[in-house]
Amino acid sequence: MRDALAIARSALLTQDVPVGALVLDSTGATIGRGANRREADADPTAHAEVVALRDAAARLNNWRLDGCTLVVTLEPCAMCAGAAMQARVEKIVFGAFDGKAGAVGSLWDVVRDRRLYHQPEVVSGVLAEDSSALLTAFFADQRTTGRN
């Protein structure tokens, strides 16, 4: 999670919301990295998780990320939770909960819906205070500078 937080800080350079994500293979090696890039790429789907999943899939030359873990600083939204399920990740680990858009337990619980074909294991709240502090500082700066 500390590596994901470092990646999240890199999103600040493009004035994107500081969220970072990693994909780890079954041995724990990092095979995908991503920071939010919606502002940088003018792409509504360029969330950190999607960027990391794409990176991992490209490195493996396979969309199936069986046995992999998605590590992200903020609880995934519905799109990102769905992407993780489509990629067949085995586990999702996240830091801060997202009461406004979280889809892994907060607002929705997409990944634990038994009607769906795949339910990854979930570990939540890992370094949540660090993740929350980064986001809180970012949005406070956005308010004081008039950017939003």
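**Notebook: rings, sheet and cores**

I began with Phe138, which counts as buried at 7% relative accessibility. A reminder to myself: this is a predicted model.

**Aromatic pairs.** I searched the whole structure and got 2 aromatic pairs. One joins Phe94 and Phe97, edge-to-face, with 5.1 Å from centre to centre and 85 degrees between the planes. The other brings me back to Phe138: its ring centre sits 5.0 Å from that of Phe139, with the planes at 75 degrees. Why is the pair of Phe138 and Phe139 edge-to-face? Planes over 60 degrees apart count as edge-to-face, and these stand at 75 degrees, so the pair gets that label.

Phe139 is partly exposed, at 37% relative accessible area. Phe94 is buried, with 0%, whereas Phe97 comes out partly exposed at 46%.

**The sheet.** How many strands form the open sheet, and in what order? I find 5, running β2-β1-β3-β4-β5, with mixed pairing. At the edges I see β2 (30-35) and β5 (121-123); each has a single partner strand, so one side of each lacks a neighbour in the sheet. On average, neighbouring strands are turned by 15 degrees against each other, direction ignored.

I then looked at one strand pair up close. β4 (residues 91-96) pairs with β5 in the parallel sense, over 3 bridges. Val93 has Val123 in β5 as its bridge partner.

**A helix over the strands.** I followed α5 (residues 128-145) and found that this helix lies across β3 (69-74) and β4. Relative to β4, α5 runs at about 60 degrees.

**The cores.** The largest nonpolar core holds 28 residues. Which of them touch the most other members? My list reads Val19, Val23, Leu53, Leu65, Val89 and Val111. At least two residues each come from β1 (20-24), α3 (48-60), β3, α4 (78-86), β4 and α5. The top contributor is α3, which gives 4 residues.

Leaving out residues up to four places away in sequence, Val111 touches Ala81, Met85, Ile92, Ala103, Val104, His118, Gln119, Pro120 and Val122.

There is also a second, separate core of 9 residues, with Met1, Ala11, Leu22 and Val93 among them.

Definitions and conventions: Residues numbered from 1 in each chain as written. Predicted model: local features only at pLDDT ≥ 70, side-chain atom pairs only at ≥ 80, totals over all residues. Heavy atoms only, no water. Pairing = 2+ DSSP bridges. Axes fitted to C-alpha atoms, helices over the stretch in contact; angles between N-to-C directions. Contact = heavy atoms within 4.5 Å. Core = buried A, V, L, I, M, F, W, Y, C linked by side-chain atoms within 4.5 Å. Buried < 20%, exposed > 50% of the residue type's maximum accessible area, 1.4 Å probe, protein only. Phe/Tyr/Trp six-rings, centres within 6.5 Å; stacked < 30°, edge-to-face > 60°.
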